[in-house]
Amino acid sequence: MSAAKRQRSCACCGKAFTDNERTEVEPLIDGMIRYVAVHPGHSTHPPPRRRPAEPPPGTAEAA
Ligand SMILES: [Zn+2]
């Protein structure tokens with residue numbers, strides 16, 4: 001039984017999968033390694049922290 005069939009809903013947003021909906025499986029390490037199904041593009045992992053925007057070189061002190 002696939003993770004998607006077992007869960008029936010996205011581990012990220014909680015919306016139910018529809019029949020034959022494409023899903024992705026990602027590992028979730030929660031004391032043990034488990035696999036959870038999510039919508040494509042969804043992830044239970046926190047997004048990578050974005051670096052603060054830096055001005056292009058040469059423009060910072062120009063004015
Ligand atoms: Zn989702």
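Q: Where is Cys13 placed?
A: In this predicted model, Cys13 is in the loop between helix H1 (3-7) and strand S1 (24-29).

Q: Is Cys13 buried or exposed?
A: Cys13 is exposed, because 10 other C-beta atoms lie within 10 Å, and a residue counts as exposed if that number is 12 or fewer.

Q: Which residues is Cys13 in contact with, leaving aside neighbours within four places in sequence?
A: His39 and His42.

Q: And how far is Cys13 from Val38?
A: Their C-alpha atoms are separated by 8.1 Å, and the two residues are 25 apart along the chain.

Q: New topic. Which residues make up the largest nonpolar core?
A: There are six: Ala4, Cys10, Ala11, Val36, Ala37 and Val38.

Q: What gives the most to this core?
A: Strand S2, residues 33-38, which gives three residues.

Q: What does Ala4 touch, not counting residues up to four places away in sequence?
A: Ala4 touches Phe17, Thr23 and Ala37.

Q: How much of the protein chain is buried?
A: Buried residues are 11% of the 63 residues.

Q: What pattern does the chain follow along the sequence?
A: The pattern is α-β-β, with one helix and two strands.

Q: What share of the contacts with a separation of 6 or more comes from residues 24 or more positions apart?
A: Such residues account for 40% of those contacts.

Q: Where is confidence lowest and where is it highest?
A: Confidence is lowest in H1, with a mean of 79, and highest in S2, at 91. The mean pLDDT of the chain is 84, and 89% of its residues reach 70 or more.

Notes:
Residues numbered from 1 in each chain as written. Predicted model: local features only at pLDDT ≥ 70, side-chain atom pairs only at ≥ 80, totals over all residues. Helix = DSSP H or I, 4+ residues; strand = E, 2+ residues; numbered from the N terminus. Buried ≥ 20, exposed ≤ 12 C-beta atoms within 10 Å, placed from the backbone. Contact = placed C-beta atoms within 7 Å. Core = buried A, V, L, I, M, F, W, Y, C linked by C-beta atoms within 7 Å. pLDDT = per-residue confidence, 0-100.
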